[in-house]
Amino acid sequence: MRHRAIAAVTATLLAATALAGCGASDDGTVRLDYWAWAPGMEEVVELWNEANPDIQVTVKKQASGDELVTKTVTAAQAGTAPDLVQAEYQALPTLASNNVTADISEEVADAEAAFTPAVWQQVTLGTDAVYALPQDSGPLLFFYRADLFEEFGLTVPETWDEFERTARDLREIDPDRRLTTFSANDAGLFAGLTQQAGAQWWTTETDRWRVGIDDDAGRRVSAFWEGLVAEELVDNQPMYTPAWNQALNEGDQIAWISGVWAPGTLATAAPDTEGSWAAAPLPQWEAGANVTGSWGGSTTAVTTDSDHRAEAAEFAVWLNTDPEALTALVQICGIYPAASDAQSGGALAEPPPFFANQPDFYDTVAEVAEGAAPAAWGPNVTVAYSAFNNAFGAAAGRRAGFEEALAVMQETTFEDMDRLGFEVVQ
């Protein structure tokens, strides 16, 4: 089967050699540890525990991102990984190549129908194995200040050409304002934008990896944003800084391309603008298309250290497909569920409080999510992201050299994989 390619291309990495995980207590109760970072996950899991006294799950809160990946890999190498872990999509290849995540394809065979092919592909890594169950997704949308668009007579852009014209029109109307910023401190957004254009940064071919960061799609996106930054039609400052918060809060930047989770961030970054924003589909490269990329999203993975793989997989299926669990994830954790049936109605019948002015918020998101392009992740995402921060950070600062920065990302990622002993081609 094709999933053996994962083992073949990672033969030089240290695999976990011992089985640990939580076991059964004297009364026969199976006890599972779950490392997770989503806020309120303990409350959601309590619903399971109340209904399943024979399988009890304990949530142990963790940091997200690279810190959790490193901690989980280290624990697995010592044979002490938890039974389950909340892992972001881009982390799965790293965890799978280190033999951290178990292949649960047999245990979750009936769950595939609950998810779109694009989402499911991210947990199979293009193989016959299933390394996790999708939990939430992060389709990209265009978020904009509806009040200021109306005040300035701007039209919501439906294509990237219109996006550029809108940025130009805004600057002519008010030279002190910008439509948005190109930020080089979070490669996740840039990755999603290139996905929309057709990029797949990592793919597997039998027993080899192919790195495709510097491809036609990546160059198209890089050249587009370099042009905007060079003409100062958009800002070139990073996101998540006090200056960025202020620009959003005061209307000096009037749009943001972000994942569906943006309302929560905007509520913190720009609290004075509640009720002033709206969400629209991402501008398209081809008029009339419906394609978007993704930024963020996570999964529930069962580890190879678990002594109770079947029970852990049963819980993972419940958490990510059961209507009661999905409603709780939306209402308590504030996520956008990956399960297709949960992406409209029910818990998503009402918009996020910060977007109360847009009753059809989640209808818009569901329409956009249908066009999510497949994402392709590799075993050294952290290296590629770090290269983006460095190379594109420098390019954004001098307002030039974006395509050269893309080439640096490609070469850095390729050389790192080659150094680690992967069979890799460009």
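Biologist: Are Phe-224 and Trp-285 buried or exposed?

Modeller: Buried means under 20% relative accessible area, exposed over 50%, and partly exposed in between (1.4 Å probe, protein chains only). Phe-224 and Trp-285 are both buried. The model is predicted, so local features need pLDDT of at least 70 and side-chain atom pairs pLDDT 80 or more, while totals for chains, interfaces and linings use all residues. Residues are numbered from 1 along each chain as its sequence is written, and side-chain values use heavy atoms, with hydrogens and water left out.

Biologist: How many aromatic pairs are there?

Modeller: A pair of aromatic rings is described by the distance of the centres and the angle of the planes. Rings of Phe, Tyr and Trp (its six-membered ring) pair if their centres lie within 6.5 Å; planes under 30 degrees apart are stacked, over 60 edge-to-face, the rest tilted. The count here is 37. In one of them, Phe-182 and Phe-402 have ring centres 4.9 Å apart and planes at 45°, so the pair is tilted.

Biologist: Where do Phe-182 and Phe-402 lie?

Modeller: Helices (H or I, at least four residues) and strands (E, at least two) are DSSP runs, numbered from the N terminus. Phe-182 is in the loop between α7 (160–173) and α8 (187–196), and Phe-402 is in helix α16, so the pair ties together parts 220 residues apart in sequence. Phe-402 is buried at 0% relative accessible area.

Biologist: What are the centre distance and plane angle for Phe-224 and Trp-285?

Modeller: Their centres are 5.5 Å apart with planes at 80°, so this pair is edge-to-face. Phe-224 lies in helix α9 (residues 216–230) and Trp-285 in the loop between β8 and β9.
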